[in-house]
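Biologist: I would like to learn how to read this model, feature by feature. Please start with strand pairing.

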Amino acid sequence: MKFGVVVFPGSNCDHDAYYAIGNVLKKPVEFIWHQSEDLANCDAIILPGGFSYGDYLRTGAIARFSPVMKSVEEFAASGGLVLGICNGFQILCEAGLLPGAMIRNSGLRFICRHVYIRVEQTDTPFTNAASKGQILKIPIAHSDGNWTVDDGTLAELEKNRQVILRYTTPDGSNDDAGNPNGAVHNIAGICNHERNVAGLMPHPERASEAALGSADGLVIFRSMVEALVGAAKATA
Amino acid sequence: MATAPTEIRVTPEIAAEHGLTAEEYARVKQILGREPNITELGIFSVMWSEHCSYKSSKVHLKRLPTRGKLVVQGPGENAGVVDIGDDLVAAFKIESHNHPSYVEPFQGATTGVGGILRDIFTMGARPIAVLDSLRFGEIVPGKGTSENEAAKNRRILDGVIRGIGSYGNCFGVPTVGGEVAFEPCYSQNPLVNALALGIARKEDLFFAKAKGAGNPVIYVGAKTGRDGIHGASLLASAEFTEESQQKRPNVQVGDPFMEKLLLEACLEAMQTGAVVAIQDMGAAGLTCSTVEMASRGGTGIEIDLAKVPQRETGMTPYEIMLSESQERMLLVSEKGREAEVLGVFKKWGLDAVVVGRVTEGGTARIKNNGSVAAEIPAHPLAEEGPVYHRPIVAPKPRVESKKDWFSFAPEGTALTQNFLKLLASPAIASKRWITEQYDTSVRTNTLAGPGASDAAVVRIKDPKTNEVKRALALSTDGNGRWCSLNPRVGAMHAVAEAARNVAASGARPIAATNCLNFGSPEKPEVMWQFSEVIDGVAEACNVLGTPITGGNVSFYNETLGKSIYPTPVIGVLGILDNVSRVLKIAFRNEGDVILLLDGLAATGHSERSPRSEEALLSSFAREFSSSEYSKTVADIVASEAPPIDLAAEKRLIDCLVALASEGAVESAHDISDGGLAVTLAESCFASAPSTVGARHAGPVLGASVKVDADGPAEHALFGERGARAIVSVFPENLAAVPAIARQYNVAAREIGNVIRGDAFRIEYKGRAVIESAVESLRKAWANSLERVLKAQ
């Protein structure tokens with residue numbers, strides 16, 4: 001089992017994702033340079049947070065054309081696990097690997113704080129170690145996290161249970177009040193139809209140790225580990 | 001003479017327009033042995049500007065203590081460096097970007113952050129934290145501030161906040177702390193002081209000393225444009241007039257993505273072993289970097305401007321040398337290994353060009369397409385500039401009487417309403433609305449971000465192994481109001497508060513950096529303030545064991561002849577050996593006992609020897625009239641800064657560090673702005689989860705406290721005398737705390753308990769003077785800044 005963390009020149013959460021997987025979970029992990037088309041036999045790919053190519057145009061708009069994304073698209077098409085965090089989520093939307101698009105936060109400002117998100121679905125490789133309805137405390141840090149999509153696609157996503165994480169309050173009672181950025185249906189994270197590609201705006205890698213204020217984010221990476229272990233057993 | 005003919009012949013008038021005095025111009029001619037050409041004049045004018053040469057401050061800065069057993073590098077390099085154990089070092093420095101931030105708040109602030117980050121990674125250290133110390137004019141209309149003025153100040157604040165956020169967030173460094181204060185004097189002159197901290201392995205440190213004749217000089221990073229020409233000399237080294245908005249073209253423009261590329265590429269290039277020296281191009285751009293590298297290394301340098309990557313066509317040598325385009329570096333590599341270095345920058349998509357070489361003999365020679373555009377001896381230019389012993393005159397003592405001072409409410413007056421007003425004042429109110437616009441958690445090191453502890457606390461991962469060894473704490477502090485009333489005592493308070501904050505987070509203060517913001521040095525009263533502040537900082541740093549490792553002086557903070565308060569901002573760095581022992585301000589458990597630690601009480605109040613009740617009351621009123629409460633509630637700013645006892649501060653600091661390392665207390669919070677009552681309230685507020693969703697949810701802890709002291713209740717509850725902190729203690733540990741405190745000769749007095757969140761209550765001499773639900777206090781405190789600023 002090996003994780004790959006893609007490094008775009010403006011990635012700035014690449015080290016954090018690497019640390020959460022390599023040092024906290026103690027699983028093999030390596031960096032993959034954005035100009036490489038070789039995914040180094042990784043079993044799961046993380047697109048980390050940051051500002052890929054500066055994002056002066058539109059978040060992730062240039063990153064989708066990078067050489068590494070060609071390989072990531074092929075990898076995803078063949079069933080490989082791909083997780084986009086924050087800027088990674090934005091890139092996956094731009095690349096068409098996930099539906100929808102990001103617009104500016106409803107408050108038109110960058111926001112960094114802990115938010116609460118509810119695990120809506122657990123039959124994905126990204127949430128299988130969590131329990132349904134579990135509330136996770138994880139920080140966000142973005143200007144453009146207001147995820148939006150047309151009504152038809154939204155209905156389909158809800159019907160297919162592709163909304164895997166939703167903003168809420170600490171006690172889970174009021175999703176609208178817990179929504180920091182105006183995302184439609186309070187959506188914090190989704191997966192694709194095949195459930196092997198997911199994106200989320202909160203940063204699970206920043207919530208991987210109690211000393212940082214929360215270790216709730218680890219469950220996302222643990223789920224991926226379990227999915228990979230399960231897949232390895234199935235093929236063995 | 002080998003210099004190229006230039007169109008403009010330099011005259012004494014042109015020299016004067018460049019800010020050079022007649023004496024300075026004569027010295028230029030003496031160094032050159034001839035008249036300078038226009039490019040050379042430009043070079044001298046920036047190098048000898050106040051901003052770059054420290055010509056007015058140099059003689060005073062010598063009085064600061066700069067040595068210590070942990071100091072690896074003191075002032076004089078790009079940043080100060082201290083040893084933090086395990087072969088790791090911390091590089092840190094604070095710098096101002098005041099003038100640009102007034103002229104163009106967003107770009108001024110971004111490039112302020114960008115500049116200080118480059119200073120850190122130029123040393124080979126990866127930046128891991130930024131703090132910002134900000135001063136603005138009043139943002140709500142009131143005494144001396146019209147609504148128009150307040151609205152302008154809100155716009156400046158908004159631009160500065162967005163600028164800081166936009167740069168740090170994209171670059172990927174957490175903005176973990178700092179302070180924001182408001183006074184009318186900053187209305188025409190906001191202060192933006194940015195501090196950055198970086199970590200490196202000791203053997204990986206880099207310095208800006210050119211070495212080895214023949215070694216290539218390489219230009220890397222952004223292309224050179226016409227932006228920021230004379231930013232340092234004309235913008236930062238002169239006061240503002242009504243025409244200052246016309247200086248907008250002198251402000252630089254920041255590109256954080258470019259800086260991020262530069263960071264990664266520089267750190268990677270340094271790892272090749274082929275880099276000999278490196279210096280960023282900040283103030284005075286290519287001029288400063290070439291000349292200083294050569295001067296420090298005792299070498300010469302020769303560059304060809306035709307090779308410098310340029311953003312615009314037709315730039316003259318004068319413009320190229322004086323441009324302050326951001327995100328550029330100059331480095332020297334080993335001869336024959338250029339390709340390794342250039343390869344790294346190519347990988348990161350950056351321009352990197354060999355523009356010249358290190359030479360023997362000490363001359364900085366600037367060529368342009370083969371002809372010589374400037375030829376100046378580097379060392380005299382960099383080190384033998386003008387040094388001024390500016391006249392110093394103490395102002396006339398203020399004549400004040402009782403009627404100028406705060407008059408205390410009669411005994412037994414309910415103070416809850418005044419307390420609410422104080423909590424909602426911009427100075428005291430929660431800064432959450434500001435700090436949430438900064439990325440505070442990137443790099444996953446933030447153990448205590450804004451407002452969580454008295455200092456910002458970040459853990460350190462070994463750059464090679466990622467192993468977490470220990471944590472560092474940082475706090476920036478400075479009270480301009482106190483410094484204006486008594487510069488020396490105010491400066492001591494700034495050092496003491498920063499060190500106390502660091503200790504209240506559990507860390508041991510080890511070193512300091514300073515940013516000295518003042519009016520015009522040409523005014524004898526301002527120079528008196530400066531000299532007094534230096535003496536105050538020096539004395540406090542000596543007593544508290546925190547040598548100054550670097551910093552920055554910002555003069556000419558005045559507009560239309562009116563100076564700002566003298567505002568030294570001190571950043572203190574501390575080490576926390578056990579990362580699990582971080583102390584935070586939040587109360588943690590209902591039933592915990594609240595203790596007041598007082599470094600002074602053990603020896604008595606040395607400053608005060610009252611003869612009568614009347615005299616005693618006067619002495620309380622004098623000390624109280626410079627407090628936040630006095631300003632907010634009574635519009636009175638007068639008299640004196642509170643007296644300070646540095647030995648008492650030291651005792652309290654040592655005591656707090658010991659309590660933290662023993663794990664004896666549940667929380668700690670020093671008493672500063674707003675006094676004991678605000679300190680207690682903040683510890684209650686911090687016990688709530690800090691999220692929007694949680695606004696509607698509890699539980700929040702409360703406090704019930706009984707205070708007994710000499711003097712009026714307002715003095716006891718809102719007085720800001722130093723050397724005090726509150727700690728909350730698990731009842732079973734109650735015996736341990738006074739025992740430890742006694743060892744350090746600090747008084748530890750039980751004053752009350754942490755209770756459930758429905759009540760906050762303070763009794764003074766047996767009568768309840770503050771009584772409220774915690775939530776109503778918290779609402780006043782938590783939402784006030786947002787209410788004022790959201791419409792921006």
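Modeller: Strands of a sheet pair through backbone hydrogen bonds, either parallel or antiparallel. In this predicted model, B:D304 stands opposite B:K367 in β12(B). Two strands count as paired if DSSP finds at least two bridges between them. Strands are DSSP runs of E with at least two residues, helices are runs of H or I with at least four, and both are numbered from the N terminus.

Biologist: In which sense do β9 and β12 of chain B pair, parallel or antiparallel?

Modeller: Parallel, over four bridges. Strand β9 covers residues 300–304 of chain B, and strand β12 covers residues 363–368 of chain B. On β13(B), B:K367 has B:V372 as its bridge partner. The pairing of β12(B) with β13(B) (residues 371–377) is antiparallel, over six bridges.

Biologist: What do β12(B) and β13(B) form?

Modeller: A hairpin, with two residues between the strands. B:N369 lies in the turn and has a positive phi of about 55 degrees.

Biologist: Before we go on, what are the ground rules for numbers and confidence?

Modeller: Residues are numbered from 1 along each chain as its sequence is written, while chains are lettered from A and ligands numbered from 1 in the order in which they are written. The model is predicted, so local features need pLDDT of at least 70, side-chain atom pairs count only at pLDDT 80 or more, totals for chains, interfaces and linings use all residues, and side-chain values use heavy atoms, with hydrogens and water left out.

Biologist: Now a whole sheet. What is the order of the open sheet of six strands in chain B?

Modeller: The order is β14-β15-β16-β21-β17-β18, with mixed pairing. At the edges are β14 (446–448) and β18 (548–554) of chain B, each pairing on one side only. Neighbouring strands are turned by 25 degrees against each other on average, direction ignored. Angles here run from 0 to 180 degrees between N-to-C directions, and axes are lines fitted to C-alpha atoms, for helices over the stretch in contact.

Biologist: How many bridges join β17(B) and β18(B)?

Modeller: Five, in the parallel sense. Strand β17 spans residues 508–517 of chain B. B:N517 has B:S554 of β18(B) as its bridge partner.

Biologist: Which helix lies across β16, β17 and β21 of chain B?

Modeller: Helix α18 (residues 487–504) of chain B. This helix runs at about 25 degrees to β21(B). Contact means heavy atoms within 4.5 Å.

Biologist: How many strands form the open sheet that contains β23 and β28 of chain B?

Modeller: Seven, in the order β23-β25-β22-β26-β24-β27-β28, with mixed pairing. β23 (667–670) and β28 (767–772) of chain B each have a single partner strand, so one side of each is left without a neighbour in the sheet. The twist averages 20 degrees from one strand to the next. Strand β27 (residues 760–764) of chain B pairs with β28(B) in the antiparallel sense over five bridges. There, B:I762 stands opposite B:I770. Helix α15 (residues 416–424) of chain B lies across β27 and β28, at about 45 degrees to β28(B).

Biologist: Next, helix packing. How is it described?

Modeller: Two packed helices are described by the angle between their axes and the distance between the axes. Take α7 (residues 105–121) and α8 (residues 147–171) of chain B: their axes come within 7 Å and cross at roughly 35 degrees. The crossing is right-handed, meaning the near helix is turned clockwise from the far one by less than a right angle. By class, the contact has eleven nonpolar, six polar and two charged residues. Nonpolar covers Ala, Val, Leu, Ile, Met, Phe, Trp, Tyr, Cys and Pro; charged covers Asp, Glu, Lys and Arg; the others, Gly among them, are polar. The residues in contact include B:F106 and B:L117 in α7(B), and B:I164 and B:F171 in α8(B).

Biologist: Is A:C13 buried or exposed?

Modeller: Buried, at 1% relative accessibility. Buried means under 20% relative accessible area, exposed over 50%, and partly exposed in between (1.4 Å probe, protein chains only). A:C191 is buried too, at 0%. A:G152, in helix α4 (residues 151–159) of chain A, is partly exposed at 46%.
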